[in-house]
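Biologist: I have some questions about the words you use for this model. Could we take them one at a time, with the cut-offs at hand?

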Amino acid sequence: MPYVIIAIAVIILGIIVFPLINRYQFKKMPAEQQVRILMKQAKGLIFFKNISYGKEGKLVYIKNKRKIYIYPWVLKDGNMLCTRRDLYETWDYPEEKPAFSEEEKLQAVAELEKYNEKSLVKLCFED
């Protein structure tokens, strides 16, 4: 009987409590540390990570585990409305902020369209 209670407690901690603590700590980290963690989490050559702070947040686009572009958004009419004005001019990371090439712009737009197809909440832009 006590083993069952211990097993249930471990399961609850592992499934509910620890992930909540990890998310909270991640959001409170400095941007530099968040970048390092996201680059390690990236699976494959293209990776998106949505970091929500309630009605606002950021959609992080990672290319080749080396370049990061951030789409800041606010929730409006059930969609994530991108608040960034200078779309696809420079990368947010690395620190030197290299410019987007035409090929990278086209690829970023195509990858965002693929992300929107899979996602329940779409990232949209002001017209």
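This is a predicted model: local features need pLDDT of at least 70, side-chain atom pairs count only at pLDDT 80 or more; totals for chains, interfaces and linings use all residues.

Biologist: Then why is Lys-40 called exposed?

Modeller: Its relative accessible area is 73%; the label asks for over 50%, so Lys-40 is exposed. You will find Lys-40 in helix 2, residues 31-41. Helices here are DSSP runs of H or I with at least four residues, strands are runs of E with at least two, and both are numbered from the N terminus.

Biologist: What makes Tyr-115 buried rather than exposed?

Modeller: Tyr-115 has a relative accessible area of 17%, and the buried class is under 20%, so the label buried applies. Tyr-115 sits in helix 3. Leaving aside neighbours within four places in sequence, Tyr-115 is in contact (heavy atoms within 4.5 Å) with Phe-48, Asn-50, Leu-59 and Met-80.

Biologist: How do you know that the length of helix 3 is close to what is expected?

Modeller: The expected span is 1.5 Å times one less than the number of residues. Helix 3 covers residues 102-118, which is 17 residues, and the expectation is 24 Å; from first C-alpha to last, the helix reaches 25 Å. The buried residues of helix 3 are Glu-104, Ala-108, Glu-111, Leu-112, Tyr-115 and Asn-116.

Biologist: What makes you say that the buried residues of helix 3 line one face?

Modeller: Looking down the axis, we take the directions from the helix axis to the C-beta atoms. For the buried residues these fall within an arc of 140°, so they line one face of helix 3. On the face turned away from that buried side are the exposed residues Glu-102, Glu-103, Leu-106 and Glu-117. The cover over the buried residues includes strand 1 (46-52), strand 2 (56-63), strand 3 (67-76), strand 4 (79-82) and strand 5 (123-124).

Biologist: What qualifies a group of residues as a nonpolar core?

Modeller: A nonpolar core is a set of buried Ala, Val, Leu, Ile, Met, Phe, Trp, Tyr and Cys residues joined through side-chain atoms within 4.5 Å. The largest one has 15 residues, of which Leu-59, Tyr-71, Leu-112 and Leu-123 touch the most other members. At least two residues of this core come from each of strand 2, strand 3, strand 4 and helix 3. Another core, of eleven residues, lies apart from it, including Leu-38, Met-39, Val-60 and Tyr-93.

Biologist: Which class does Lys-97 fall into?

Modeller: At 43% relative accessibility, Lys-97 is partly exposed too. Phi of Lys-97 is near 50°, again positive in a residue other than glycine, and its place is the loop between strand 4 and helix 3. Pro-94 lies in that loop as well, and the peptide bond from Tyr-93 to Pro-94 is cis, with omega near 15°.

Biologist: How does the radius of gyration of the protein chain stand against a compact globule?

Modeller: The radius is taken over C-alpha atoms, and the globule rule is 2.2 Å times the number of residues to the power 0.38. For 127 residues that rule gives a value near 14 Å, but the protein chain has 18 Å. Along its principal axes, the C-alpha trace spans about 65 × 35 × 25 Å. Of the 127 residues, 29% count as buried.

Definitions and conventions
Residues are numbered from 1 along each chain as its sequence is written. Side-chain values use heavy atoms; hydrogens and water are left out. Buried means under 20% relative accessible area, exposed over 50%, partly exposed in between (1.4 Å probe, protein chains only).
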